[in-house]
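Subject: Structure handover

Hi,

Here is the structure for you to look at. My notes on it follow below.

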Amino acid sequence: MNVSFTNYTEYGIHNQTLRYCWISYFLFTILSSFIGDSIILLASIRYNAFKLHRAIVTIMQHIAVCDLLNSINSVLFLVTLISEQNNLGSVLCSVSGYLPYFSYSVSFYLTAALTSIK
């Protein structure tokens, strides 16, 4: 099955104002996610800044990694949104479709584990 999402007239965002709003939203979300998750990972791995039980810190690190995976997926969508066409190919299109399914699920389970080990 070969699916093509390159037809701008059918799948694109036609309103330029709406498109710029989505681009700015994704840029803000991606930058804040990369900065926040990098700080969490750097503080917990390198500086041992969290004085908590080791299991809690490990789960927090795994949640940060899942959030970074979601941010990478948002970058793939942002490239498509800026260029107004899907120039990432069919493999990355499939990856960007299934990556949030797994990373969100793992993040939910890790959050449940974090609340249950307190």
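Predicted model: local features only at pLDDT ≥ 70, side-chain atom pairs only at ≥ 80, totals over all residues.

Overall picture

The protein has four helices and zero strands. From the N terminus, the order of elements is α-α-α-α. Of the 118 residues, 25% are buried. The exposed surface comes to about 8300 Å². Carbon and sulfur atoms supply 68% of that surface. Take the contacts in the protein with a separation of 6 or more: 67% of them join residues 24 or more positions apart.

H2 against H3

Two packed helices are described by the angle between their axes and the distance between the axes. For H2 and H3, the angle is about 155 degrees and the axes are 9 Å apart. How are H2 and H3 oriented to each other, roughly parallel or roughly antiparallel? They are roughly antiparallel, because an angle over 145 degrees counts as such. The crossing of H2 and H3 is left-handed. The residues of this H2 and H3 contact divide into 20 nonpolar, five polar and three charged.

Leu78 gives a local view. Leu78 belongs to helix H3. Leu78 is buried, because its relative accessible area of 8% falls under the 20% cut-off. What does Leu78 touch, leaving out residues up to four places away in sequence? The partners are Ile23, Phe26, Leu27 and Ile30. Take the pair Leu78 and Ile30: 48 residues apart in sequence, 9.5 Å apart in space, C-alpha to C-alpha.

The loop between H2 and H3

Asn48 is placed in the loop between H2 and H3. Please check its backbone in your viewer. Phi of Asn48 is near 50 degrees, a positive value in a residue other than glycine. Most residues other than glycine have a negative phi. Asn48 counts as partly exposed, with 45% relative accessibility.

H3 against H4

Helix H3 spans residues 54-83, and helix H4 spans residues 89-116. H3 and H4 pack at an angle of about 160 degrees, with 9 Å between their axes. H3 and H4 are therefore roughly antiparallel to each other. H3 passes H4 in a left-handed crossing.

Which residues meet here? On the H3 side they include Ile56, Ile59, Met60, Ile63, Cys66 and Leu69. The H3 side also has His62, Asn70 and Asn73 among its residues. On the H4 side they include Leu92, Leu99, Pro100, Tyr104, Val106 and Leu110. Ser96, Ser103, Ser107 and Thr111 are also among the H4 residues. The residues of the contact of H3 with H4 divide into 15 nonpolar, seven polar and no charged.

In short

H2 and H3 are roughly antiparallel, and H3 and H4 are roughly antiparallel too. Three charged residues take part in the contact of H2 with H3, whereas the contact of H3 with H4 has no charged residues.

Best wishes

Definitions and conventions: Residues numbered from 1 in each chain as written. Heavy atoms only, no water. Axes fitted to C-alpha atoms, helices over the stretch in contact; angles between N-to-C directions. Helix = DSSP H or I, 4+ residues; strand = E, 2+ residues; numbered from the N terminus. Parallel < 35°, antiparallel > 145°, perpendicular 65-115°, else oblique. Left-handed = near helix turned anticlockwise from the far one by under 90°. Contact = heavy atoms within 4.5 Å. Nonpolar A, V, L, I, M, F, W, Y, C, P; charged D, E, K, R; others polar. Buried < 20%, exposed > 50% of the residue type's maximum accessible area, 1.4 Å probe, protein only. Areas by Shrake-Rupley, 256 points an atom, 1.4 Å probe, with all protein chains shown as cover.
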